[in-house]
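User: I would like a close look at one helix pair in this model, with its surroundings. Please keep it plain and give the cut-offs for the terms.

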Amino acid sequence: MTSTTSPELLQAAQQLQQLRSGLAQLAQSQTSASALGQQARSATALLQALPARYGEVLLNLLDRLESSALFTEESCSFSQKDLLDNLQTWAQKAEDQLNKS
């Protein structure tokens, strides 16, 4: 069983907090979807600390978010607001999962 103070878990929690900060910045148009995607994909400690399905869902959401950024208006298949909401939900579930570790 992993200790809640393990360096890996602490690093994963820190990367999750940075990802949440990036989501807030994107929501306020202070960063780009591609920058957030790059940040999330480089959060290897976070992705390794979570079950594999979390990584799959995150990558799928990021791909759709980055695609939505190519459109100047909301597209019926790519709503950036809905994707951001889904990423926020993902972050909350990831935090809950980390707290179980």
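Is the crossing in which H2 passes H4 left-handed or right-handed?

Analyst: H2 passes H4 in a left-handed crossing (the near helix is turned anticlockwise from the far one by less than a right angle; clockwise would be right-handed). The model is predicted, so local features need pLDDT of at least 70 and side-chain atom pairs count only at pLDDT 80 or more, while totals for chains, interfaces and linings use all residues. Residues are numbered from 1 along each chain as its sequence is written, and side-chain values use heavy atoms, leaving out hydrogens and water.

The axes of H2 and H4 are 9 Å apart, and the two helices pack at an angle of about 165 degrees (axes are lines fitted to C-alpha atoms over the stretch in contact, with angles from 0 to 180 degrees between N-to-C directions). The pair is therefore roughly antiparallel (over 145 degrees; under 35 is roughly parallel, 65 to 115 roughly perpendicular, the rest oblique). On the H2 side the contact is made by Ala33, Ser34, Leu36, Gly37, Gln38, Ala40 and Arg41; H4 contributes Leu58, Leu59, Leu62, Asp63, Leu65 and Glu66. Contact means heavy atoms within 4.5 Å.

Gly37 of H2 is one of the residues making this contact. With a relative accessibility of 0%, Gly37 counts as buried (under 20% relative accessible area; exposed is over 50%, partly exposed in between, with a 1.4 Å probe and protein chains only). Beyond its neighbours within four places in sequence, Gly37 is in contact with Leu62 and Glu66. Its C-alpha atom is separated by 7.9 Å from that of Asp63, 26 residues apart along the chain.

Ser29 has a positive phi of about 55 degrees although it is not a glycine. Most residues other than glycine have a negative phi. At 65% relative accessibility, Ser29 counts as exposed.

In H1 (residues 7-27) lies Gln15, which is buried at a relative accessible area of 11%. A polar atom of the Gln15 side chain lies 3.1 Å from the backbone nitrogen of Ala45. Neighbours within four places in sequence aside, Gln15 is in contact with Ser42, Ala43, Thr44, Ala45 and Leu46.

The ring centres are 6.3 Å apart and the planes at 65 degrees, so the pair is edge-to-face (rings of Phe, Tyr and Trp, the last by its six-membered ring, pair with centres within 6.5 Å; planes over 60 degrees apart are edge-to-face, under 30 stacked, the rest tilted). A search of the whole structure finds one aromatic pair, and both its residues, Tyr54 and Trp90, are buried. Tyr54 is also touched by Gln97, a residue of H5 that counts as buried at 18% relative accessibility. Gln97 touches Leu50 and Pro51 as well, not counting residues up to four places away in sequence.

For the chain as a whole, the secondary structure comes to five helices and zero strands (DSSP runs numbered from the N terminus: helices are H or I, at least four residues; strands are E, at least two). Buried residues make up 35% of the 101 residues. Among contacts between residues at least 6 apart in sequence, 62% join residues at least 24 apart.

Definitions and conventions: A polar contact is a pair of N or O atoms within 3.5 Å; within protein, one must be able to donate a hydrogen and the other to accept it, and residues adjacent in sequence count only if both atoms are side-chain atoms.
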